[in-house]
Every structure is written in C-alpha cells, then in structure tokens.
Amino acid sequence: MAYDLLKGLQPEVFFKWFGAVSEVPRGSRKEGQFIAFLEEFARARGLAYETDEAGNVLMRVPASPGYEAEPLLLLQAHMDMVWASEPGLNFDFEHSAIPMKIEDGLLRGKGTTLGADNGVGLAAMLAVADISEIPHPELECLFTVTEEIGLHGIRQFDCSKLRARRMINMDCGDSHVVAVSSAGSAKMAAVKPFAGIDAPEGMTALRIEVKGLTGGHSGLTIDRGSACAANAMGLLLEGISDCGALLLRIRSSERPILKSCLAEVLVPAKGLQKALACLEETAGKLKKRYAATDPGMEIEFLETAPPADAKALNEADSQAAVGALLLMKTGPYRFKESDRSVIIMSGSIGKVL
C-alpha cells in the first residue's frame with residue numbers, strides 16, 4: 001500500500017482500507033476498476049458476492065462466532081467520488097491514486113478532492129468484512145455506483161435480492177453520529193440557445209475571475225453560508241450591466257459548491273473606467289461579506305484584447321444570463337421553524353458553461 005502517511009493512524013484497520021480504497025480510481029461512471037477490486041476482495045476471503053448489470057456489488061459476510069442468531073444487517077455505501085481539483089492542477093483521476101496530506105490535524109487531498117464521500121463508508125465496510133476482531137451479525141454489504149450524479153446505481157438495483165430488514169447507510173458525514181432521516185434531490189438543466197452578435201466597434205474586453213473559495217458539499221455544508229463562485233460572478237456582472245457590458249463567455253468549476261468562475265465581457269472603451277470602479281466596489285463587498293467563510297477569496301479583473309471573431313450576447317441576453325446566476329442561489333431555502341439549524345430544502349448550481 002502506497003499510503004505511508006496513514007500508517008499509525010487509529011483505528012489502524014480503517015485507515016488501512018481507506019488507503020487501499022484511495023488507490024483505486026472510482027469516479028462516477030468510471031467505477032470499473034473499483035468493482036474489480038471489490039470482486040477480488042470477496043474472492044480472496046471466500047465471500048459470496050454478485051454484481052448486477054449496473055455495476056452494484058452485493059457482498060455477503062457471515063456472522064462472527066456467537067452472533068449467528070442476531071438479525072441480519074445491511075450496510076450500504078457508494079463507490080463513486082467527485083473528481084475535482086484546484087484550478088491549474090492537471091490531475092489524472094482516471095489513472096492515479098488520490099494524493100494526500102495531513103494539515104491542521106485533518107487528512108486532506110493534496111490539491112484534489114479526498115474522496116472521503118464515500119470512501120469512509122467503503123473503508124469501514126471492508127474493515128468489518130476483513131477481520132474477525134470486529135464482532136457483527138451476518139451482513140449484506142451493498143456497494144452502489146453513480147450516486148454522486150443522481151443515485152443512478154441504487155435506482156437500478158433489484159432490492160428483492162436483499163434479506164435484511166435493518167440497514168445502516170454509511171454516507172452520513174459526521175463522525176460518531178447516527179442520523180435517522182430521509183433525503184432526496186432533484187436536478188435541473190437550464191438550457192437556452194443564444195444568437196451571438198459581432199463585437200461592436202469601440203469595445204474592449206475584460207477577463208473577470210472569482211477563485212480561491214472554500215467550496216464544500218452541497219448537502220453536508222450548505223448551512224455554512226460559503227460563497228458560490230457563480231453567484232458571486234452574477235453580482236459582479238450585474239454591477240457593470242449599466243455600463244453596456246456584453247457577455248462573451250462564462251464557465252465555472254464543477255459541483256459541489258462552486259469554487260471558481262471565469263467570465264469574459266465586452267464593455268465600451270469609454271465606459272471602461274466606470275466598469276473597473278464598479279467591479280472594485282463589488283469585489284470589496286463580496287470579500288467583506290464572506291471574510292469568515294471564504295478568507296481565500298480572490299477576485300481578479302484584467303483588460304484584454306477582444307478575441308478575434310468574437311461573438312457576444314446582445315445586451316438583453318447578457319442581462320438575462322446574469323439574472324439566472326442571481327436567481328439560482330446556492331444555499332438554504334427553507335428551515336425547520338423551531339430550529340433553523342435544520343435545513344428542509346436547499347439548492348446549488350452544479351456548473352455554468
């Protein structure tokens with residue numbers, strides 16, 4: 001195992017398997033290597049298993065001695081992790097192990113997502129299935145695919161194969177916490193075709209970038225009030241809309257909570273200084289608003305030459321696109337009336353392009 005960094009961490013058997021899990025690429029719809037890893041794990045230990053057409057793996061683990069009469073228990077975790085890295089880091093998730101570091105007493109990815117969602121659940125299940133020192137009843141261990149992009153794996157699983165009537169989902173998120181709850185999600189893609197126009201005479205280009213945000217899980221950390229780069233970009237662009245700004249292009253990082261967003265706009269050369277002053281003012285307000293949650297926020301704007309043969313959105317379409325960034329707020333929408341720490345409904349922007 002390549003993860004010397006994890007040696008000595010407790011509980012040792014958990015970190016052994018977390019390291020092993022982290023060595024195998026397992027992005028959404030890219031779980032093939034990890035499916036093979038699970039199948040080999042089961043074969044090496046003589047455990048019964050089956051893999052369905054979707055790629056879900058159901059593994060059966062006999063009860064520990066003395067626990068044979070206890071009710072059967074189902075454990076479930078998802079294989080796939082979000083593949084995301086810091087801007088500028090060209091990391092090959094499909095063929096590389098996850099790089100790690102220990103920082104401020106926490107295990108983190110070194111420039112990439114760590115995959116603790118749901119590598120923690122996977123490692124715990126493998127640890128229980130691997131050693132006899134952890135007493136347990138008979139287990140059904142269900143490893144599902146493509147959870148991060150819409151729970152597709154479990155939707156295709158034939159639940160009639162399960163005999164257990166008790167289940168622990170291993171994807172809670174907090175250590176030493178068992179959550180009794182239910183949750184769901186709905187995804188929407190807002191698509192609108194725009195007819196580009198040639199760049200008008202007398203325009204100059206601005207490159208605007210929001211980066212260095214904290215990000216986070218759109219479910220587990222949505223209550224922290226962290227900035228969303230796309231929402232922040234919407235406020236920056238709204239501030240220069242009355243300067244005659246025309247949108248050339250915009251793109252963001254991918255979910256969970258967006259860490260970066262880049263936009264290129266055209267503004268009339270005669271209104272450039274006003275636009276820069278508006279951007280400076282809005283950037284200052286954003287940094288002040290998110291000083292506690294996103295201390296590393298960076299907002300850069302740079303005058304550039306208009307791209308050759310550039311096509312821009314007209315003024316009305318540019319304002320409509322900016323309005324969408326402001327309308328689709330990332331954050332909580334509804335709370336429990338008696339306890340606002342309990343979020344009933346939230347939303348997040350997954351990607352802008």
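In the predicted model, the buried residues of helix H3 are Asp117, Asn118, Gly119, Gly121, Leu122, Ala123, Met125, Leu126, Ala127, Val128 and Ala129. H3 is thus mostly covered, with eleven of its 15 residues buried. The helix runs over residues 116–130. From first C-alpha to last, H3 reaches 20 Å. This is close to the 21 Å expected at 1.5 Å a residue. Both helices and strands contribute to the cover. Among the elements over the buried residues of H3 are helices H1 (12–22) and H2 (32–44). Strands E2 (57–61), E3 (73–78) and E6 (139–144) are also included.

A helix pair was examined next. Helix H5 spans residues 229–239, and helix H6 spans residues 272–289. Their axes come within 8 Å and cross at roughly 150 degrees. Angles over 145 degrees count as roughly antiparallel, and H5 and H6 are therefore roughly antiparallel to each other. Their crossing is right-handed. On the H5 side, the contact involves Ala232, Leu235, Leu236 and Gly239. These meet Cys278, Leu279, Thr282, Ala283, Leu286 and Arg289 in H6. By class, the contact of H5 with H6 has seven nonpolar residues, two polar and one charged.

At the level of the whole chain, there are seven helices and 15 strands. The chain has 353 residues, of which 41% count as buried. Its C-alpha atoms fill a box of roughly 80 × 45 × 40 Å along the principal axes. Contacts were also sorted by sequence separation. Among those between residues at least 6 apart in sequence, 73% join residues at least 24 apart.

Conventions: Residues numbered from 1 in each chain as written. Predicted model: local features only at pLDDT ≥ 70, side-chain atom pairs only at ≥ 80, totals over all residues. Heavy atoms only, no water. Axes fitted to C-alpha atoms, helices over the stretch in contact; angles between N-to-C directions. Helix = DSSP H or I, 4+ residues; strand = E, 2+ residues; numbered from the N terminus. Parallel < 35°, antiparallel > 145°, perpendicular 65-115°, else oblique. Left-handed = near helix turned anticlockwise from the far one by under 90°. Contact = heavy atoms within 4.5 Å. Nonpolar A, V, L, I, M, F, W, Y, C, P; charged D, E, K, R; others polar. Expected span 1.5 Å × (residues − 1). Buried < 20%, exposed > 50% of the residue type's maximum accessible area, 1.4 Å probe, protein only.
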